[in-house]
Amino acid sequence: MDLSIIIVNYKSSRLILDCISTIVAETTAISYEVIVVDNASGDNSEQQITDAFPFVKFLQMGYNAGFSRANNAGLRVAKGDHLLLLNPDTLILDHALDKCVQRFSKSGLVACGVQQLNADRSLQISGNYFMKGGLNHLLPLPYWGKVIRWVGYQLKTKVPNVQEASTEHLVDWISGAFLMVKRSSLEKAGYMDEDFFLYAEEVEWCSRLRQLGPLAILGDINIIHLQGETTGDAFDSDEKGYYGLYDRKGLQLMLSNHVRVRKQFGVMWYFILLLNYTFAIPLFFIGSIFENLFKARNPFRYMPQVWGLTKNVFRLWTLTPTIVSNKPHFYKVL
């Protein structure tokens, strides 16, 4: 079999039905299987999906296992020579899977992605570069992140992501919304790290895959990614991207990023990141008051966000002994 497609489901059957419909319509030149791994959705997802597409292999985790563990379950039963992690909120365009497998199989690449598009067909970040110590995770911080971004521009620091990929654009890591690997690569690099619940797991995995050879975005192959639809629903969050730091989704994002930095770069860089997040709290508090006074608004307008960031950073500090020890631990904050 040419390709195994693994889709993780958590109460997203409507999106998966649309996704598989496009797979079937746009994939005609290769053999493939679709494996849906359910994280205890507690609804009728299995019946809806298998009634519509009887060929789908449906696995039930029995609990909300997150992204790494659920994908690993799919990878362990997959039969394909190529393995694709695909988000539920994706739509296949213009024979993208046919083209990707045919080109990838003949290449020396270890893993590949494609150029992802927003629903309006505008470009979406699909590939990224590692920044030492994960310092790019400081950019979403209120006020302090803008200062760091300005310093980076002045120093002509390399931009950490690829907004528009060329035909074959080499990168350090690939978005987990569409991440294809060869079976031989999986056997050498190992499975995804099951300490992660959600976010940053594909970054850590790519850091191991990258040791085997090059990773690339195939920029002339496109899919649509409705970014953040599934995680926004799962966390009851209004944030559709990956910049919110103030709610439960923000806590999971911050936690996973810090865990990844500890695993990939070590304890020193972990504390550099955490201390910057801690410093950002009083800066956010004071800066928001002055900004709102200057704009003739309620000076305490952003206090809910200040409090949300404070709680999330405090939670990181309480988990720090476990993170630093680097012993197996399931970092789930739901």
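Predicted model: local features only at pLDDT ≥ 70, side-chain atom pairs only at ≥ 80, totals over all residues.

Trainee: What is the strand order in the open sheet of three strands?

Mentor: The order is E8-E7-E10, and the pairing is antiparallel.

Trainee: Which strands stand at the edges?

Mentor: Strand E8 (161-162) and strand E10 (173-174); each has a single partner strand, so one side of each lacks a neighbour in the sheet.

Trainee: How many bridges join E7 and E10?

Mentor: Two bridges, in the antiparallel sense, with E7 covering residues 127-128. Gly 127 sits opposite Ile 174 in E10.

Trainee: Helices next. At what angle do H9 and H11 cross?

Mentor: Roughly 35 degrees, with the axes coming within 10 Å. H9 is residues 248-265 and H11 is residues 303-325. The crossing is right-handed.

Trainee: Which residues meet there?

Mentor: From H9, they include Leu 251, Met 254, Leu 255 and Arg 262; from H11, Leu 309, Asn 312, Arg 315 and Leu 316 are among them. By class, that contact has 10 nonpolar, three polar and two charged residues.

Trainee: Now the second largest pocket. How much space lies in it?

Mentor: About 210 Å³.

Trainee: And what lines that pocket?

Mentor: The lining includes Leu 139, Pro 140, Leu 141, Pro 142 and Tyr 143, as well as Lys 146, Phe 284 and Glu 291. Its classes are eight nonpolar, one polar and two charged residues.

Key
Residues numbered from 1 in each chain as written. Heavy atoms only, no water. Pairing = 2+ DSSP bridges. Helix = DSSP H or I, 4+ residues; strand = E, 2+ residues; numbered from the N terminus. Axes fitted to C-alpha atoms, helices over the stretch in contact; angles between N-to-C directions. Left-handed = near helix turned anticlockwise from the far one by under 90°. Contact = heavy atoms within 4.5 Å. Nonpolar A, V, L, I, M, F, W, Y, C, P; charged D, E, K, R; others polar. 1 Å grid on protein atoms, 1.4 Å probe; cavity = no way out; pocket = protein on both sides within 12 Å on 5 of 7 lines; lining within 4 Å. Points joined across faces, edges and corners; volume = space filled by probe spheres on them.
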